[in-house]
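Here is a short briefing on a protein model. Look at the structure first, then read the points below.

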Amino acid sequence: METEPSHDPARRRILKNVVGTAAAAATAAFLLQPSQFLLRKKRTPVRFWHQLGGEWLQPMESIIEAFNRSQERYEVIPLLVADTEADSKLMLSMVGGDPPDVVLIWTQATSEWAESGLLQPLDPYMRPEEMAWFLQNAYPVVRKSGWYKGRLYGLVMGFDLWVIYYRPDHFRQAGLDPDRFPETLEELTKVGEKLHRFDSGGNITRIGFLPTGFQTFVPSFGGGFYDEQTGALTLNRPENLRALRFLAESRKQIGFDKVVRFESGLTSGDGASWPFINGSYSIIAEGEWRVETLRKYAPQLEYRTVPIPPPVGGKRNASFSMTNFLVMPKGAPQPRGAWEYIRFWAGLDDPARSAGFYPILGWMPLSPRVTHAPAYENWLKTAPTYRTFLKVAESQNIRITPPVPYQLYLMDQVQKTDDLATRGTLSPEEALEKLEKDVAHERQRRKELGYAE
Amino acid sequence: MRSKSLKKNLIGYAFISPWIIGFLMFTAGPFLTSIYLSFTRYNIVTPPVWVGAQNYKMLLHDDPQFGKSLWVTFRYALVSVPLGIITGVSLALLLNQKVRGISIYRTLFFLPSIVPTVAMATIFIWILNPEIGLLNTLLHLFHIQGPAWLQDPAWAPWSLVFMSIWGVGGSMVIYLAGLKDIPSYLYEAALIDGAGALQRVRHITLPMLTPVIFFNLVMGIIGSFQYFTEVYMMTRGGPEDSTMFYALYLFERAWRYLDMGYASALAWVLFAVIMTLTLLIFRSQRRWVHYGN
């Protein structure tokens, strides 16, 4: 039997009343309860550019969400920028008169950009107590980074340090005791030689230990490219020469061409395909981000971390440091909002809050105070090898990119010097002399053109 | 009558005005501005400061990298342009034969030239890998240990020359069109006179093809002196500056070292070099380019 649709006027009236009341209630609720949408519309947008794509995007967005939830005044609007075009995009935005308010930069050029008028100092926005806390509590490397001519142009937001990662299983296979790690770089080189493996044709199948990177190892020799006290460049000094000789000699011993061929046959160095995981290296100097890589992609792998052992007469707990900076472009429309975001993320006002942010990115925190917060302590329990980095971070033997107004040129030349010496094209002495000469020439050139020296 | 013609012209200009405006704003404007900038100290953010001819003086007398990068570029052009012409003409001659499935062969040889440069560079990074690259794997079959290609300063520039052959399909099609334009009666007359295949190529095909070769020579030289994307993607000028091409050095000065004034001067010197070479080639054409009439 089919049911006829109701035509009863009383029922229809009741139904109309119910629907009408519900609609009115919903409208009233929407208008009276301030929705997230309406709240956001009232807030001032703070435009933030960063380069954290891929697996970093979600953690980055969660930090932004945390800031936005905490704010009634500002709202951070992020923009992911490809790292290949990040610098030029920033410059062009400034030329076009429409810069973002805050930028996370990787390029080690805060001094160069500050001198060029790209950045504005952050210290005018810091409250006195924030500056005092920063100078008192930040790690030494953080305290000295980002300054140029007495002004702070970039606040460190994560910094890289290099320590030794090693595989105890390889030690045991070679009859070595993994609990007795070499005390000096010279001893480490000898242990590394015992761990090298070659095929019948003499080609490398595993590198025991091969020190790589002039700037990575130069601090262990007590060297560096800049005197922090006098502000003078120290490119061709005996410690630097000793470091370069050590690197060139190590490379020569195993054979430069052999290493090139071996390394070019390895998969890309990122994520799960980092060659340390598949055993292509027994001992390697690498940065703190690898702890998170190993935790994610090789949780069962047995490995340990130790600070780079110094050469005889060298410096303990030494490393070079590369830093991420939060900067404010000159002409940023919302500098106060930008600073609110910077201090929130850095945890200048509340280290315990930012203790939750660093682990999700796997980054080194701004201050040891952050590491004492429960959120950070809990994370450290899951990544105990990270403690080596925190220990090294407290050291005074960390070197940074010299704060000169030609930073990129200088570090490009340092890289070329490394290449020339380790390839054997020039002797370490000649390579350092060339470095000194080329940089002096560039400085003279800048002087003649009227740029800052 | 005159006002009618003016009105007609105005309508025409109105139709092409988007292009004219775009050209003035994005080509002619920057082109002329860079002349001024080349006489200034300019870091892109702060206003330019006049320094006279200082940039030019410095790059011509006091910049070793300028000479090095010019030589790297010149050497590349010197080898890759003739090599591209020889390969292109040879391929066009082969693909001008009346054999079965010739259009498929033509398509196959042309296809690589439409692959985007960035994709091509990525592919060649793998092909030229010293350990697991296709090229060294093939050489290994003949018990030859191939060089480290892009990672060896002695081989890196030649690797790029080798790579340039990959895109020869584009010019090959132009040569092929040129071959089709050669009147068949010339070959018939040569055959009657008893000319062999090689003689026909030497005395008919190549001379008749010279206008097309001339065009490709000019375009090849201009392209070589502006060579950038491949090295930016693959080597960044290394190892040991062996692939530091002029355009890459200019880019580094401009965008990395924020020396736009100097980079503008470099750009105008490059323009002068390309113009001089092009004029020389144009002047030389009377001696070797044969037009049908």
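How many of the nine residues of helix α9 of chain B are buried? The count is zero, and this helix (residues 184-192) is hardly covered. "Buried" needs 20 or more other C-beta atoms, placed from the backbone, within 10 Å of a residue's own; 12 or fewer is exposed, and in between is partly exposed.

This is a predicted model: local features need pLDDT of at least 70, side-chain atom pairs count only at pLDDT 80 or more, and totals for chains, interfaces and linings use all residues. Residues are numbered from 1 along each chain as its sequence is written, and chains are lettered from A and ligands numbered from 1 in the order in which they are written.

**After the helix**
- Helices are DSSP runs (H or I, at least four residues), as are strands (E, at least two), numbered from the N terminus.

**Domains of chain A**
- Chain A splits into domain 1 (38-160 + 321-400) and domain 2 (162-320); the bounds come from an automatic or database domain assignment.
- The C-alpha centres of these two domains of chain A are 30 Å apart.

**Chain A meets chain B**
- Chain A brings 24 residues to the contact and chain B brings 22.
- On the chain A side, α20(A) gives the most, with five residues.

Methods:
Two residues are in contact if their C-beta atoms, placed from the backbone, lie within 7 Å.
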